[in-house]
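These are my notebook entries on one protein model. I record what I looked up, entry by entry.

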Amino acid sequence: MSALKDRLTDGLYGLGWSTVKKLPEPVAAGLGRRIADTAWKRRGPGVLRLEANLARVVPDATPERLAALSKAGMRSYMRYWMESFRLPAWSTERVAGSVSIKDIHLVEETLAAGRGVVLALPHLANWDLAGVWVTRGLGVPFTTVAERLKPESLYDRFVAYRESLGMEVVPHNGGAAFGTLARRLRAGGLVCLVADRDLSSSGTEVTFFGERARMPGGPAILAQQTGALLLPATLWYDDTPVMKGRIHAPVDVPETGTRAEKTSVMTQALADAFAEGIADHPEDWHMLQRLWPADLDERGKGRRP
């Protein structure tokens, strides 16, 4: 059954990449909304988890408000997929006109000065579109990390897809990945990392929307060890076809403290920037998984009523 499920999953993603990009854009957008609304009405685990996560972001929301947010969130999530399936067919001009990011000069000026940049962002809006906008629209190559997916064939699809968009993709396999990222940064390159969720024992503890959570310490450690500039970024959709974004203030390396202490301070600064962007645009936060350790009740790690 597991092998059958893996083949089905891989086949569905393959169908999306091969078919959706050929559809007229209005048809693809309408299909995405229908899929999102159907999934939302079924109230499956992903939708329920999204609402539970949003309840922390908007703690005073009524049940009706949470339901409206989760419905909008599912539409935003499916917009991400519809866009991502179609991205390989977009022209450079189309990509360049589809994204507008405030204060992107912080990235460009730092790279022009020969200093590396770590760009860290949460699961907001369409990070793949932002990535291809950087590579094609700005003409800036960058390196990122791909989480190992099952089945392996699906992981290979994602790597090939992102590499086709101009990204260098490094497998997430510990020290080897970190070493590659560090070399790119020391050479004055750009590294982009999605960094709002880490439930491993090695994650750095932060306070996120008033509750204990863990986020990857990698962005902060890379900045410390390579001298790269650490910049948080957030993205969102509005009522236009152009996705918006913002580069937040740099996260500086503290002058004193151990590496662990510096990492804690810097990762908390990232969490605060992420929280600001998510609170401003909660419907665009695509977090359909558990994020807070208190929610890991099925593993016996702190039951939540």
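**Entry 1: terms and source.** Before reading strand partners, I note that two strands pair if DSSP finds at least two bridges between them. I also note that the model is predicted.

**Entry 2: the whole protein.** I looked up the overall composition and found 11 helices and 9 strands. The protein has 305 residues, and buried residues make up 49% of them. I then turned to the contacts with a separation of 6 or more: residues 24 or more positions apart account for 74% of these. The protein exposes about 14,600 Å², and carbon and sulfur atoms supply 54% of that area.

**Entry 3: the sheet.** In what order do the strands of the open sheet of 7 strands lie? I read the order as E1-E9-E8-E2-E5-E3-E4, and the pairing is mixed. Strand E1 (99–102) and strand E4 (167–171) are the edge strands, each pairing on one side only. Neighbouring strands of this sheet are turned by 30 degrees against each other on average, direction ignored. Helix H11 (residues 259–280) packs on the sheet and touches strand E2 (117–121), strand E8 (229–236) and E9. I noted that the direction of H11 makes about 20 degrees with that of E8.

Entry 4: I followed E1 to its partner, strand E9 (residues 243–247). The two strands run parallel and are joined by 4 bridges. Within this pair I looked up Lys102, which stands opposite Arg246 in E9.

**Entry 5: strand E5 and its neighbours.** Strand E5 (residues 190–194) is mostly covered, since 4 of its 5 residues are buried. I checked the pairing with E2 and found 5 bridges, with the strands running parallel. Here Leu119 has Cys192 of E5 as its bridge partner. I then checked the pairing of E5 with strand E3 (residues 142–146), which is also in the parallel sense. E3 and E5 are joined over 2 bridges, and Thr143 has Val191 of E5 as its bridge partner.

Entry 6: Thr204 stands opposite Met215 in E7. The hairpin has 2 residues between the strands, and Phe209 in this hairpin takes a positive phi near 55 degrees.

**Entry 7: two further positive phi values.** I kept in mind that most residues other than glycine have a negative phi. Arg43 has a positive phi of about 55 degrees although it is not a glycine. I located Arg43 in the loop between H2 and helix H3 (45–57). Ala125, likewise not a glycine, has a positive phi of about 55 degrees. Its place is in the loop between E2 and helix H7 (127–137).

Ala125 is at 0% relative accessibility, so it counts as buried.

**Entry 8: the second largest pocket.** I looked up the volume of the second largest pocket and found about 560 Å³ of space. Of the 21 residues that line this pocket, the closest to its centre are Ala29, Arg33, Arg75, Arg79 and Glu83. Helix H2 (25–42) and helix H4 (63–86) each supply at least two residues of the lining. H4 gives the most, with 8 residues.

**Entry 9: Arg75.** How accessible is Arg75? It has 36% relative accessibility and therefore counts as partly exposed. Leaving out residues up to four places away in sequence, I found that Arg75 touches Arg33, Ala36 and Asp37. I also looked up the separation between the C-alpha atoms of Arg75 and Ala39, which is 9.7 Å. These two residues are 36 residues apart along the chain.

Note on methods: Residues numbered from 1 in each chain as written. Predicted model: local features only at pLDDT ≥ 70, side-chain atom pairs only at ≥ 80, totals over all residues. Heavy atoms only, no water. Axes fitted to C-alpha atoms, helices over the stretch in contact; angles between N-to-C directions. Contact = heavy atoms within 4.5 Å. Buried < 20%, exposed > 50% of the residue type's maximum accessible area, 1.4 Å probe, protein only. Areas by Shrake-Rupley, 256 points an atom, 1.4 Å probe, with all protein chains shown as cover. 1 Å grid on protein atoms, 1.4 Å probe; cavity = no way out; pocket = protein on both sides within 12 Å on 5 of 7 lines; lining within 4 Å. Points joined across faces, edges and corners; volume = space filled by probe spheres on them.
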